[in-house]
Amino acid sequence: MLVSRNWLADHLDLSGLSNSEFDDILTFAGVEVEGISEQGVSTDSVVVARIVQTEQHPNADRLSVTQVDAGEGELRQIVCGAKNYKVGDKVPCALPGAELPGGFTIGETVMRKVESRGMLCSAVELGLGTDHSGLMILPSEWETGKPLHQFVENDTIFEIEVTPNRPDLLSHHGMAREVAALTGRNLKTPEIPSAKLAPAGASLNLEDQETCPFYTAVHIKNVTVGESPDWLKSRLEAIGLRPINNVVDLTNFVLHELGQPLHAFDASKVNGGIRVRYAGEGEEFSALDEETYTLTATDCVISDQSGSALALGGVMGGEESGVTESTRDVILESAWFDPPSIRRTARRLNLHSDSSYRFERGVDPQGVLKASALAAKLIAELTGGTTEEPTLCAGEAPTLAGTVTLDPARLQQLVGGAVSMEDANQSLKRLGLTPCGDDQWQVPSYRLDLQRHIDLAEEVVRVAGLDSIPARNLSSTAIPTTVDARYDLELDLKKQLAALGFYETQTIKLIAENQLRDALPLRPLHEGDIIRVSLPLSEDHSVMRPSLAPSLLSTASRNVRQGAKAVRFFETGRCFRNAGGGKAPDLEMDALGILLGGSSQPDFWESLQDTASDAFTLKGVIETILPDAQVQLVSTQPGNFLQAAQVLANGKTIGSFAQLSPSRGRELDLEFPVYLAELDLTRVCDLRGGGSRVVELPQFPGSSRDASMEVPVDLANAEIEKSIRKLNEPLLVSFGCFDVFRDSSGQKLTADRKSVAYSFNYRAADRTLKSDEVDAAHQKVLQHLENALPISYR
């Protein structure tokens, strides 16, 4: 909202209050000032000048060379492009060195080989209006050579962000009321005549009382519609409004003066009387913006008795019923509309106006008649018309404000005794509240946001100023809980994954139906396990996610389409499913999803070859975040993936692993292999434990032995590792597979067999092992494998 300082000064004395102080007062009271701009010129270098002579520019068809008298004793030559002046007119002249709004400095120059010593200005160039069609023609009685600011009032415009709960600030009177309360200055009461009221008869029929509980109309006859006076135009132009005619301009003036939207109808275009009704389903309405809108039965329409729509209630007037220069009689509307109804209509039609902006937030119900009376008085004065009394009223202004209790004990606890109850009471009175006794306060009709004790306490602190409240440390130490410990574990996990080169994603918990094929749940999904949204906002948000994998794949696809050559993402979040096919309560489980694909290292100049991430890269990541667990991948049915496995830690399942199928990867523009893992976050945190531990480095050397064995081609590595761990040989500290050989031709090795080579490391914690001890332990391991599995040694 734009607020004019000059306009604001009509309501309270702003002397001694600088613009920066004004900014600070509002900002620290919770009313944000987004910008401050100056209108007009304060420099002495912009003067009143008289055009003495003008002739065509010798080298430019659209320019003229003028000789002007700027009160300097000699004529000044200025090249001008405007055509709306004549010899003898007085115009603003910016002398060399003058700084105009926007930081533009005037200098002497040569234009098409003709010297120009200054600039003749339009109103918009001086920040004095919106007219840029030509020079600003000044009154002939203004003295030549005098600075323009002696005749033209400068102004400061504040751009203020008004929060939705403070519609009372959407007017100059409301803003002045706020500043007066914050500064202790006296607020001037607008001179508003009292209106004679009469109940509505046949000429005013209120049918839609849900959207419009209160409607008033006053008839003003014999008006002369024409140009508005300068004071009115300057007020509107200061806040960016274009003057139209004196009647329309006055309705806009009262809107920004008091915050109550008004509308004026040409009475000759109203057939019979006013009807406030619901729109017909599919009814078309032609608005002032020259667009046609299709209405529904929930919209409120202002029409005449014949049913012709005159306005869309609370939103915008009609194209055919507006006031023009031929208008002689006016019907002035002032009403109160239900905020949710107006908001619904304006948003559905994407039709917004200054009126709907205020009605959506809620205007003062008690201000309807005041605004009507002020506007009727001004219209009668400026147009020469007469007001036909009384004002017709239909319905009643709703009473929305009540009483609120201010608890003195709670207030003092909040402010630490920095604000006395006497000062608190005085602050509330300055804000317009009335004491009712027993700490009860009557809230004014324009402050519907005040509903609880804490609302009043906040107002007291705003008026007193936050700087006046002493800083205190009232916090106490809380004993750490399991929730705190779990949070710390998850945070450490995220930090470690970030250190490994992964980026955290945060996605919403709803996915599309067609994304279910990408799900990688900890347990297989059945049809009854899926939780679908009954009334989804869109097809993309129709299913509660049973897995994090669909969102991770969507994120990876989006990044690759933006040029990423590798993807490394993780996400922690909640997944949802029905239990037992929908026959038991829904289950919610926290999961950790990890995705990687593409190059395993960033590009740099010394790279000899591109090393792509593979399944073992992801397994290594899992082993890194679970350093104290034995991690295994056990193959399972792949389903929609190329390959899949269960993730085991210390022999217990903690999640699932999969490689995306190439066909699905092409659909997502993922041209490289993509690997995913989804782990039970609770089990991961349990395995990581409560903190880091340090293991002493071995003091004695170890010894290694290798073994090459032939095994069936379908024997999984996990089975071999499981068998070795089952032996639990105390001297065996580590082992691993370092070579696998297959010969599909059967020449070197039968096709149903494969050769696997393992390395075994032995060490004792208290001594250096002798060769005999290592050999004995090694033979024990080999014998155990031969007995447990179909293995033969080479």
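Helix 9 passes helix 11 in a right-handed crossing, a term used where the near helix is turned clockwise from the far one by less than a right angle. The structure is a predicted model, in which local features need pLDDT of at least 70 and side-chain atom pairs count only at pLDDT 80 or more, while totals for chains, interfaces and linings use all residues. Residues are numbered from 1 along each chain as its sequence is written, and side-chain values use heavy atoms, with hydrogens and water left out.

The axes of helix 9 (residues 408–415) and helix 11 (residues 453–464) come within 10 Å and cross at roughly 45 degrees. Helices are DSSP runs of H or I with at least four residues, and strands are runs of E with at least two. Contact (heavy atoms within 4.5 Å) is made by Arg410, Leu411, Leu414 and Val415 of helix 9 and by His453, Ile454, Ala457, Val460 and Val461 of helix 11.

The largest nonpolar core has 40 residues; such a core is a set of buried Ala, Val, Leu, Ile, Met, Phe, Trp, Tyr and Cys residues joined through side-chain atoms within 4.5 Å, with buried meaning under 20% relative accessible area (1.4 Å probe, protein chains only). Leu8, Leu26, Ile160, Leu428, Leu433 and Leu456 have the most contacts inside this core. Elements that give two or more residues to the core include strand 12 (155–161), helix 9 and helix 11, and helix 3 gives the most, with 6 residues.

How values were computed: Axes fitted to C-alpha atoms, helices over the stretch in contact; angles between N-to-C directions. Buried < 20%, exposed > 50% of the residue type's maximum accessible area, 1.4 Å probe, protein only.
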